[in-house]
Amino acid sequence: MSSAPSVMLFERIDFMKKDIRRAVIAGNWKMNKTRPEAETLITDLKPLAENAGCEVVICVPFTNLETAVRLTAGTNIKVGAQNCHFAKSGAYTGEISADMLKEVGVEYVVLGHSERRQYFGETDETVNKRTKAALEAGLKPIVCVGELLWERESGITEEVISRQIKLDFAGISADELMNCIIAYEPVWAIGTGKTATADQAEEVCAFIRNVLAGLYGTDVAEKITIQYGGSMNAGNAAELLSKTNVDGGLIGGASLKAPDFATIINAATNG
Ligand code: PEP
């Protein structure tokens, strides 16, 4: 007997209305920047980002959250964290709750980043629990999905992505989904300098929108911001961001230099 098909078989919708979605450029600083370095970067970024035509977010280490919230007050730059725990409080040494982030003035939180999945045992189940906790606290989750290199080479990218979307958003309502961003980050492109081509990024972002349409309906799927992430930089951002279903970027390395990050912000503004 032949095995089940590895890709979802459904009629694909061509989502063409890029303009109705919010473009969001988010920097993921990862474990970088001391407090003085963070102050310098934010101070340099503020004037460069002030005319942005997209939402600008900086996701900084926990130790820089208060600094970032203080320095960006009254500006168009929003602050995000890079993770949160799913419990409200308790015996979870080393963890930070969503309520704690909210209290500090954080708006966004990156969840399910491939580095968390790879090095810290994060699973779709815990990503789902963290996403629910973040939403309950009033945060906007940026939920990362993406395939490994061997998964792409084996032709199972769509299977992997649709499984992640279904599990990461299980039990999350359409209204709640509207407060989420999905970041498509092929794991083989993160921090490697190896970017997905604009067509590859578009193909998977469009696929994600189709999976969302199946789960939540076309109207909802059409409105969700889907970012691309993976070695996006000042040189390749314009082409990636010009794609219909790529509504922004989650940017690691290139978000650590204000001029490079500003170039990406401008590309999203024009894209
Ligand atoms: C990331 O950390 O989410 C990321 C995309 O990193 P980089 O841009 O450095 O590949």
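**View 1. Side-chain contact between Asp 124 and Arg 117 in the predicted model.** The side chains of Asp 124 and Arg 117 form a polar contact at 2.6 Å. Asp 124 lies in helix α5, which covers residues 124–136.

**View 2. Surroundings of Asp 124.** Leaving aside residues up to four places away in sequence, Asp 124 touches Arg 117, Gln 164, Leu 167 and Asp 168. The relative accessible area of Asp 124 is 14%, so this residue counts as buried, the limit being under 20%.

**View 3. The shell of residues around the ligand.** The ligand is surrounded by 14 residues. Lys 30, Glu 185, Gly 191, Ser 231 and Gly 252 are the closest of them. By type, the shell is made up of eight polar, four nonpolar and two charged residues.

**View 4. Lys 30 and the ligand.** Lys 30 is one of the closest residues to the ligand. An N or O atom in the side chain of Lys 30 is 2.8 Å from an oxygen atom of the ligand.

**View 5. Backbone atoms of Gly 252 and Gly 253 at the ligand.** A polar backbone atom of Gly 252 is 2.8 Å from an oxygen atom of the ligand. For Gly 253, a polar backbone atom lies 2.9 Å from a ligand oxygen atom. The ligand taken alone exposes 290 Å², and the protein buries 95% of that area.

Terms used
Residues are numbered from 1 along each chain as its sequence is written. This is a predicted model: local features need pLDDT of at least 70, side-chain atom pairs count only at pLDDT 80 or more; totals for chains, interfaces and linings use all residues. Side-chain values use heavy atoms; hydrogens and water are left out. A residue is near a molecule or strand if one of its heavy atoms lies within 4 Å of it. A polar contact is a pair of N or O atoms within 3.5 Å; within protein, one must be able to donate a hydrogen and the other to accept it, and residues adjacent in sequence count only if both atoms are side-chain atoms. Accessible areas come from the Shrake-Rupley method with a 1.4 Å probe; for residues, only the protein chains shown count as cover. Ala, Val, Leu, Ile, Met, Phe, Trp, Tyr, Cys and Pro count as nonpolar, Asp, Glu, Lys and Arg as charged, and the others, Gly among them, as polar. Helices (H or I, at least four residues) and strands (E, at least two) are DSSP runs, numbered from the N terminus. Buried means under 20% relative accessible area, exposed over 50%, partly exposed in between (1.4 Å probe, protein chains only). Contact means heavy atoms within 4.5 Å.
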